[in-house]
Amino acid sequence: MPKYVAFLRAINVGGHTVKMDHLRGLFEALSFSNVETFIASGNVIFDTKSKDQQTLERKIEKHLRETLGYAVTTFDR
């Protein structure tokens, strides 16, 4: 199963604050496994069966926008 790192641009700026345990839960809600956050950076490491990087980025961005109420640009590697 591929391991990814999601780099979340500006997730904790402009008056927005997301605790890392909450962010982990948001990724787990997408059925990703082995979800870990990297310090308070907003970067998330996870496993998923998905191999289409662009679809994965759109899925994460949509879920974060719906749950947090603002857009979070996502880059997956």
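Reader: So what order do the four strands take in the open sheet?

Author: They run 2-3-1-4, with antiparallel pairing; strands (E, at least two residues) and helices (H or I, at least four) are DSSP runs numbered from the N terminus, and two strands pair if DSSP finds at least two bridges between them. Keep in mind that this is a predicted model, where local features need pLDDT of at least 70, side-chain atom pairs count only at pLDDT 80 or more, and totals for chains, interfaces and linings use all residues. Residues are numbered from 1 along each chain as its sequence is written, and side-chain values use heavy atoms, leaving out hydrogens and water.

Reader: Which strands stand at the edges?

Author: Strand 2 (33-38) and strand 4 (74-76) do; each has a single partner strand, so one side of each lacks a neighbour in the sheet.

Reader: How many bridges link strand 1 and strand 4?

Author: Three, in the antiparallel sense, with strand 1 covering residues 3-8. Ala-6 sits opposite Asp-76 in strand 4.

Reader: Switching to helices: at what angle do helix 1 and helix 2 pack?

Author: About 125°, with the axes of helix 1 (residues 20-28) and helix 2 (residues 53-68) 10 Å apart. Axes are lines fitted to C-alpha atoms, for helices over the stretch in contact, and angles run from 0 to 180 degrees between N-to-C directions.

Reader: And which residues of helix 1 touch helix 2?

Author: His-22, Leu-23, Leu-26 and Phe-27, with contact meaning heavy atoms within 4.5 Å. From helix 2 come Ile-60, His-63, Leu-64, Thr-67 and Leu-68.
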